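Here's a walk through one protein model, written for someone who likes geometry with the cut-offs spelled out. Have the structure open while you read.

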Amino acid sequence: MYEEAPRPKPGPGEVLVAVKAASMTPHELTWPATWTHTSDGTGPERTPIIPSHEFSGVVAESGAGVESPVEGDAVYGLIPFVRDGAAAEYVVLPAAVLAPKPATVDHDHAAALPLAASSAWQALVDHADLQAGQHVLVQGGAGGVGIFVVQLAAGLGARVSATAAAGDLGFVKGLGAEQVIDYAHDRFEDHVRDVDVVVDLVGGAAQSRSWSVLRPGGVLVTLVTPPDQQEAARYGVRGAYFIVEPNQNALRSIAEFVDDGRLRPVLDRVLPLSETRLGYEALETAKRHGKIVIHVAD
Ligand SMILES: NC(=O)c1ccc[n+]([C@@H]2O[C@H](COP(=O)([O-])OP(=O)(O)OC[C@H]3O[C@@H](n4cnc5c(N)ncnc54)[C@H](OP(=O)(O)O)[C@@H]3O)[C@@H](O)[C@H]2O)c1
């Protein structure tokens with residue numbers, strides 16, 4: 001089921017994209033930014049809203065001052081959450097956050113990349129400054145973001161260890177991890193030490209226990225909760241937390257990794273636009289491998 005909405009007009013610096021596929025993020029419907037004009041929820045409401053802030057599509061119209069991309073270009077991107085999303089035939093967004101879609105995958109697969117792969121890129125490249133040959137531990141390697149952290153770390157030349165549920169060990173190895181540790185039945189501390197970079201996608205005890213496996217001078221990057229800086233200092237390591245931001249350069253690099261075969265999007269399922277609601281329900285209830293994608297148009 002869906003409703004009619006007016007076709008939006010691109011303003012200066014914006015483009016109108018004909019959406020081919022969109023993708024959804026766990027918990028996005030609980031965020032203030034989804035329902036108001038500000039990330040902290042203090043701005044006025046902007047209901048009714050259109051969800052699903054990652055997409056792949058084709059430029060249909062450019063606003064004033066936009067030289068690139070041009071009409072007909074295939075693009076993909078992450079839409080700022082304070083704007084309408086892409087579970088619709090058209091979306092308007094700033095040209096500055098778009099990048100050319102990876103050439104070797106279709107729109108459904110491209111739509112699965114922007115948020116989770118950008119999170120992985122920003123963790124490993126921007127915050128950890130990962131170097132080839134370093135050892136990375138990924139806490140939560142089978143999750144929506146972990147899938148990309150494992151692949152990108154391996155693709156950047158690192159040795160990758162990861163934690164995952166017993167049923168996911170083979171899946172995460174297939175993404176490029178050398179060693180995958182069953183988090184429920186095994187202690188990662190017994191299998192890894194002197195790690196250069198921990199990427200924490202779990203939080204809680206998984207985060208607080210991770211300090212001890214880092215080498216002095218190593219770094220723990222978490223996307224879950226800001227780490228305890230006193231603990232970081234006690235171990236002589238760095239602790240960093242960040243929130244992913246739309247970034248054109250990261251998307252360009254991700255597209256290169258996809259096109260040269262170092263990164264592959266993983267799709268849990270593809271639903272038609274009319275079943276978007278089912279997708280959001282499955283996000284909350286079902287065990288997944290990869291993204292739930294909405295196929296909007298051929
Ligand atoms: N800061 C940001 O910008 C940003 C961006 C994206 C995501 N996030 C956050 O990052 C976290 C991960 O996101 P996601 O989309 O990847 O979540 P997800 O798809 O739910 O994945 C989490 C994974 O961690 C596994 N896991 C649970 N407990 C574990 C443990 N003790 N040790 C190791 N693995 C464990 C889960 O396995 P099971 O299937 O067995 O539960 C699941 O595979 C979430 O908290 C999310 O809100 C933040």
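## A serine to start with

S210 counts as buried because 28 C-beta neighbours sit inside 10 Å. The term "buried" here means 20 or more other C-beta atoms within 10 Å of the residue's own, with 12 or fewer making a residue exposed, anything in between partly exposed, and C-beta atoms placed from the backbone. Before going further, note that this is a predicted model: local features need pLDDT of at least 70, side-chain atom pairs count only at pLDDT 80 or more, and totals for chains, interfaces and linings use all residues. Residues are numbered from 1 along each chain as its sequence is written.

S210 sits in the loop between α6 (204–208) and β10 (214–222). Helices (H or I, at least four residues) and strands (E, at least two) are DSSP runs, numbered from the N terminus. Leaving aside neighbours within four places in sequence, S210 is in contact with Q139, V198, D200 and L220; contact means that the two C-beta atoms, placed from the backbone, lie within 7 Å. L220 is ten residues from S210 along the chain, and their C-alpha atoms are separated by 7.8 Å.

## Two other buried spots

K291 lies in strand β13 (residues 291–295). Is K291 buried or exposed? K291 is buried, with 26 other C-beta atoms within 10 Å. Not counting residues up to four places away in sequence, K291 touches S23, A112, G144, V266, L267 and D268.

A110 belongs to helix α2 (residues 107–110) and is buried too, with 31 other C-beta atoms within 10 Å. With residues up to four places away in sequence set aside, A110 touches S56, Y76, K101, P102 and V105.

Here are the C-alpha separations for these residues.

| Pair | Apart along the chain | C-alpha to C-alpha |
|---|---|---|
| S210 and L220 | ten residues | 7.8 Å |
| K291 and G279 | twelve residues | 9.9 Å |
| A110 and V197 | 87 residues | 28 Å |

Two packed helices are described by the angle between their axes and the distance between the axes. For α3 and helix α8 (residues 248–259), the axes come within 10 Å and cross at roughly 100 degrees. Axes are lines fitted to C-alpha atoms, for helices over the stretch in contact, and angles run from 0 to 180 degrees between N-to-C directions. The two helices, α3 and α8, are therefore roughly perpendicular to each other, a label that covers 65 to 115 degrees. On the α3 side, the contact is made by P114, A117, S118, W121 and Q122, and on the α8 side by A250, L251, S253 and I254. By class, the residues of this contact of α3 with α8 divide into six nonpolar, three polar and no charged. Ala, Val, Leu, Ile, Met, Phe, Trp, Tyr, Cys and Pro count as nonpolar, Asp, Glu, Lys and Arg as charged, and the others, Gly among them, as polar.

Most residues other than glycine have a negative phi, and most peptide bonds are trans. D129, which follows α3, is not a glycine but has a positive phi of about 50 degrees. D129 counts as exposed, with 11 C-beta neighbours inside 10 Å. D194, in the loop between β8 (179–182) and β9 (195–200), also has a positive phi of about 50 degrees without being a glycine. D194 is exposed, with 10 other C-beta atoms within 10 Å.

As for cis peptide bonds, one runs from T47 to P48, with omega near -5 degrees. Another joins S68 and P69, with omega about 0 degrees.

## Domains and ligand

The domain assignment, which is automatic or from a database, gives domain 1 (14–113 + 265–295) and domain 2 (116–241). Taken over C-alpha atoms, 27 Å separate the centres of domain 1 and domain 2. Seven residues of domain 1 are in contact with five residues of domain 2.

Around the ligand there are 21 residues, of which G140, G143, G144, A165 and Y183 come nearest; the criterion is a C-beta atom, placed from the backbone, within 6 Å of the molecule. That shell has 13 nonpolar, seven polar and one charged residues.

How values were computed:
Angles under 35 degrees count as roughly parallel, over 145 as roughly antiparallel, 65 to 115 as roughly perpendicular and the rest as oblique.
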